[in-house]
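User: Hi! Could you walk me through this model? I'd like the overall picture and then some detail on strands and rings.

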Amino acid sequence: MSDPHTETSREADAPAEASRHFIRQIIDADQASGKWGGRVHTRFPPEPNGFLHIGHAKSICLNFGLAKEFGGACNLRFDDTNPVKEEQRYVDSIIEDIRWLGFRWEGEVRFASDYFDFMYECAERLVQDGKAYVCDQTPEEMRKARGTLTEPGTPSPGRNRSPDENLDLLRRMRAGEFPDGSRTLRAKIDMASPNIVMRDPVMYRILHATHHRTGDAWPIYPMYDFAHCLEDSMERITHSICTLEFENNRPLYDWFLDNLGVHHPQQIEFARLILNYTVMSKRKFLELVRDGHVMGWDDPRMPTISGLRRRGYTPESIRAFSEEVGVSKYNSTIDVVRLENAIRDDLNKRAPRRMAVLNPVKVVIENYPEGEVEYLDAVNNPEDASCGVRGVPFAREIYIERDDFMEDPPKKFFRLAPGAEVRLRAAYWITCTGVVKNDAGEIVELRATYDPQTRGGDNPPPDAEGKVRKVKGTLHWVSAQHAVDAEVRMFDRLFTAENPDKRPKDAPEDPPEDWDYKQNLNPESLVTLRGCKLEPMLAERGADEPEWSDGIRRFQFERLGYFCIDADSKPGAPVFNRTVTLKDSWSRAGGK
RNA sequence: UGGGGAUUGGUGUAACGGUAGCACGACUGACUCUGACUCAGUUAGUAAAGGUUCGAAUCCUUUAUCCCCAGCCA
């Protein structure tokens, strides 16, 4: 039962040593004062109008994580108050993503639409109390009457209607008597408030739309500000955690809750996650998918949870990342290398090593007997001895990486070159003895000799003077006759600019409307390699290959990076996705 | 120009009137059958100016900069 994956997942969270960020401190204080009777009840309230992204993952980890940490509970509740934008398929994908991230919610999945009756009752009560009224203004009229940031608004004519008249009108709205957009129900607060949110906000709008759950039962739908606080209240949420932009709305929630005299959760705002080299809005995701810049919402280049999953990210790495970036009210930008680092860190410990040659060049080992094959033991994971070894076939003809050979190498090039000796990982030391080129001058084959005394990659015995020969470089390789062909998709960041939304200074001036973030798309974000050569173990699941909790098979291709098997794979035609490269101080130093 | 938030090394985040710490990055070096991992070391910060105090990142005043709000979206 002690499979290495559950162990790692426990380590990945480690809230005990985690920093006491400001929300933890608030809860600490509440627990100390007994404010909620020791209760901690949070919720994650997505709108089912798109796929979840890494920013949501941070919120999910926060809400579910806090509940777990304080022995409380966290609800999953869909904020489905706008039927024209919401769909069941989004509900399904969101549920899948949260489960995949490893979180379980309290009770059943909840929906704002479950509370529509209650919300409506609340609305009638506010009308009866003279605190809400039906407004007949058109959207344009309402906008003009709202005033500006510096000027107060002017009251709607409907503002002084009697409660009885308002109640009658509201009931007729609810009965479906009026066309879309003809009337609204508004809270009677303060048209001169410096906080525009408080200038008689709309509570209900008329919308004859079919809702994905309530069907045609309702011709009116509550607005977010009115609905959301009541949903939290209904569920007796203690800590209602949301992003910074809702800070302005908090006084309005307070107003609704206090005037209704219902359970009043504490709202706490934190800064949403911003990552560089990517975009993070549903509108842009939709656009990238629609225009074919990516293959879909789950394209491995997308920062969606489904995209990261397909890319090969593990739930553990995303949870660790979320914890590591912290929680504050400062609008900071996180470097994507932090995310890449999180997945490297996890996969380094857990991913079995395999050898794969992506850009192959053949090497013929001239002094190795023709027709002979031997199986050499290769370590599956140097980080975890319990993973054991596997047999890798070796023969006279092998493939190595084209980049691992240079005819005229610079200093400090530890790989293969004419006359140079290198180690083949887990196999023999070879020395390059020749280069075969075609008429175009391209290298088509390398010739080499091997040293039988280095079998397994070991150092050869000392020579007559007691000196031991050494090599600096170790190359990965694959036996030509045993190699399995594969397609490998090399993903890179989707945008070349740190902030894709920012117009570069050298962008053409006119017409300025012509420029948008898509100009920053990275044309090389996907490079598909075909005819890659894999060691045979990669073609089938080996006995020594661990089972991943989500069924996705992930590997380290030695010296290259981490890769996973894509769902596009077919029997005999495997497709791998590159999750992330290994850190490479050679190329960083300008080696390549 | 109204209101609401925010500002600590390159990046992110602690310190809550008493030694500015941690992580990531970068740079050195060690180790190495992955130029990976690991290990050791170096680097660099309180937005500005005043004030209170024995003592200020922390309290006060002023300034600067950034973010959010004028949907019948959430």
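Analyst: Happy to. Helices (H or I, at least four residues) and strands (E, at least two) are DSSP runs, numbered from the N terminus. On that basis, chain A comes to 14 helices and 27 strands. This is a predicted model, in which local features need pLDDT of at least 70 and side-chain atom pairs count only at pLDDT 80 or more, while totals for chains, interfaces and linings use all residues. Residues are numbered from 1 along each chain as its sequence is written, chains are lettered from A and ligands numbered from 1 in the order in which they are written, and side-chain values use heavy atoms, leaving out hydrogens and water.

User: Thanks! What box do the C-alpha atoms of chain A fill?

Analyst: Roughly 105 × 60 × 40 Å, taken along the principal axes.

User: What about contacts in chain A?

Analyst: Taking contacts as heavy atoms within 4.5 Å, residues 24 or more positions apart account for 73% of those with a separation of 6 or more.

User: OK, strands now. Which sense does β19 pair with β20 in, parallel or antiparallel?

Analyst: Antiparallel, with eight bridges between β19 (residues 429-437) and β20. Two strands pair if DSSP finds at least two bridges between them. Along this pairing, V436 stands opposite E445 and I430 stands opposite Y450. The hairpin has five residues between the strands, and G441 there takes a positive phi near 85 degrees.

User: Which other strand pairs with β20?

Analyst: Strand β14 (residues 360-365) pairs with β20 (residues 443-451) in the parallel sense, over four bridges. V364 has R447 as its bridge partner in β20.

User: And on the β18 side, how many bridges join it to β19?

Analyst: Three, and the two strands run antiparallel. R423 has W429 in β19 as its bridge partner. Four residues lie between β18 and β19 in their hairpin, where A426 in the turn has a positive phi of about 65 degrees.

User: Switching to rings: how many aromatic pairs are there?

Analyst: Rings of Phe, Tyr and Trp (its six-membered ring) pair if their centres lie within 6.5 Å; planes under 30 degrees apart count as stacked, over 60 as edge-to-face and the rest as tilted. The count by this rule is 26 aromatic pairs. In one of them, the ring centres of Y120 and Y204 are 6.4 Å apart and the planes are at 75 degrees, so that pair is edge-to-face. Y120 belongs to helix α5 (residues 116-128) and Y204 to strand β6 (residues 202-206), 84 residues apart. Both Y120 and Y204 are buried.

User: Nice! Why is the pair of F394 and Y428 called tilted?

Analyst: Because the planes of F394 and Y428 are at 55 degrees, with ring centres 5.2 Å apart. F394 is in strand β16 (residues 389-394), whereas Y428 is in the loop between β18 (421-424) and β19, 34 residues apart. F394 and Y428 are both buried.

User: Last one: which residues share an aromatic cluster with Y120?

Analyst: F116, Y204, W218, Y221, F226, W255 and F256 form one aromatic cluster together with Y120.

Key: Buried < 20%, exposed > 50% of the residue type's maximum accessible area, 1.4 Å probe, protein only.
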